[in-house]
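Keep the structure open beside you and look up each piece as you go.

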Amino acid sequence: PLVLGIETSCDETGVGIVRGHTLLADAIASSVDEHARFGGVVPEVASRAHLEAMVPTIQRALKDAGVAASDLDGIAVTAGPGLAGALLVGVSAAKAYAYALGKPLYGVNHLASHICVDQLEHGALPEPTMALLVSGGHSSLLLAPDITTDVRPLGSTIDDAAGEAFDKVARVLGLGFPGGPAIDRQARDGDPGAIRFPRGLTGGRDPIYDFSFSGLKTAVARWVEGKRREGVAVPVADVAASFQEAVVDVLTRKAVRACKDNGVDHLMIGGGVAANSRLRSLAQERCADAGIVLRVPRPGLCTDNGAMVAALGAEMVARGRPASTWDLPADSSLPVTEVSVPGHTH
Ligand code: ATP
Ligand code: MG
Ligand code: FE
């Protein structure tokens, strides 16, 4: 099926077009530069930027894909979770296009889209799919018997998301926003064994599949403050590398454990943090040791984009899932278990 997907949950206006598992267009307009001076995404600024970018980005995607809007089999859109005002822009645009074109509308979950996007890279996901979802707002281990209807959390972060920890530690180190890519770059010149930072929830009695990153973030901040008080130069690259190692060590250890415990022989990693180069290499190493096949999309498909929404929409169409009704709401706190949103009145 030929599906157009619209993503506006945060600061990226993304419009992707796919035919089944084939990516035809992935147009993105980002307002990240407008937020940088505030040190984080400002919701009002994001909403207005989406409004300005929405129609041109849809037009660019159609042009890039070389398809006519009338040929589409459906229009998919992120219905949540995300920033309420930002989501509303995408949902409204999707309704308008779908209604005007007489096409079915599919309101889908942003988090399930972060998983489904891998089909564009590596073909059909195995069932059940084991996924480690690590992004700016979420960190979970998910088992999905059916990516269009059935996504089950095995465990999640009990405090900060992994991406949030990257962003906060980057701020402490004065590396700017967003912090993930900056730490990734700095860490390449650092020693990951320089400082032994704590690994959250890895004790014998701790929940096996849950994560905690706020203690780590505090430990890094204390360590850096200590150096500054002593008047000693902070070894930024070593701190970045050691912090990053603590995060990806825990993520990969628990993900491999989840695969083994559940008899699953593959692992999908998705979400913005999956773009991290050390997470990708350590996961590859540990999966290979455990006989697990690793699936991670290319970095550009890990961070927010429209193609991931189109990928899940196409899967919905292919499996004959029902479309959403015209009263589809945007739900800023849509739970990961609700893969699609049928409409307001269902
Ligand atoms: P969610 O998907 O939970 O709603 P989001 O959509 O804001 O959150 P994503 O775009 O999926 O987030 O991911 C953004 C996060 O990924 C940010 O916290 C960013 O710092 C992090 N990130 C991006 N690239 C990297 C990288 N190379 N290394 C580590 N973290 C990264
Ligand atoms: Mg972003
Ligand atoms: Fe995201």
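1. A word on counting before anything else: helices here are DSSP runs of at least four residues (H or I) and strands are runs of at least two (E), both numbered from the N terminus. By that count, the protein chain has 12 helices and 11 strands. Bear in mind that you are looking at a predicted model.

2. Now the overall shape. What radius of gyration does the protein chain have? The value is 20 Å, and since a compact globule with 346 residues would come out near 20 Å, the chain agrees with that expectation. Along the principal axes, the C-alpha atoms fill a box of roughly 65 × 45 × 35 Å. Of the 346 residues, 53% count as buried.

3. Six strands make it up, in the order 3-2-1-4-5-11, and the pairing is mixed. At the edges sit strand 3 (22-30) and strand 11 (340-341), each of which pairs on one side only. Helix 2 (residues 43-65) packs on this sheet and touches strand 1 (2-7), strand 2 (12-19) and strand 3. The direction of helix 2 makes about 25° with that of strand 2.

4. Helix 12 lies across strands 1, 2, 3, 4, 5 and 11, and runs at about 135° to strand 1. Why can we call it largely enclosed by the rest of the structure? Because 11 of its 12 residues are buried. Among them are Met308, Leu312, Glu315 and Met316. Just after helix 12, glycine 320 takes a positive phi of about 65°.

5. On to ligand 1. How many residues surround it? There are 23, and the closest are Gly136, Gly137, Gly163, Gly180 and Gly272. Helix 6 (162-172) and helix 7 (179-187) each supply at least two residues of this shell. Helix 7 gives the most, with four.

6. Stay with helix 6 for a moment. Nine of its 11 residues are buried, so-called "mostly covered". The buried ones include Gly163, Phe166, Asp167 and Lys168. Their cover includes strand 6 (129-134), strand 7 (139-146), helix 7, helix 8 and helix 9 (236-261). Just after helix 6, glycine 174 has a positive phi of about 70°.

7. Most residues other than glycine have a negative phi, and most peptide bonds are trans. Which peptide bond ending at proline 81 is cis? The one from glycine 80, with omega near -5°; proline 81 sits in the loop between strand 4 and helix 3 (84-101). The bond from phenylalanine 177 to proline 178 is cis as well, with omega near -5°, and proline 178 lies in the loop between helix 6 and helix 7. Then there is leucine 201, which is not a glycine but has a positive phi, near 55°. Leucine 201 belongs to the loop between helix 7 and helix 8 (214-230). Leucine 201 counts as buried because it has 21 C-beta neighbours inside 10 Å, and the cut-off for that is 20 or more.

Notes: Residues numbered from 1 in each chain as written. Chains lettered and ligands numbered in written order. Predicted model: local features only at pLDDT ≥ 70, side-chain atom pairs only at ≥ 80, totals over all residues. Rg over C-alpha atoms; globule rule 2.2 N^0.38 Å. Pairing = 2+ DSSP bridges. Contact = placed C-beta atoms within 7 Å. Axes fitted to C-alpha atoms, helices over the stretch in contact; angles between N-to-C directions. Near = placed C-beta within 6 Å.
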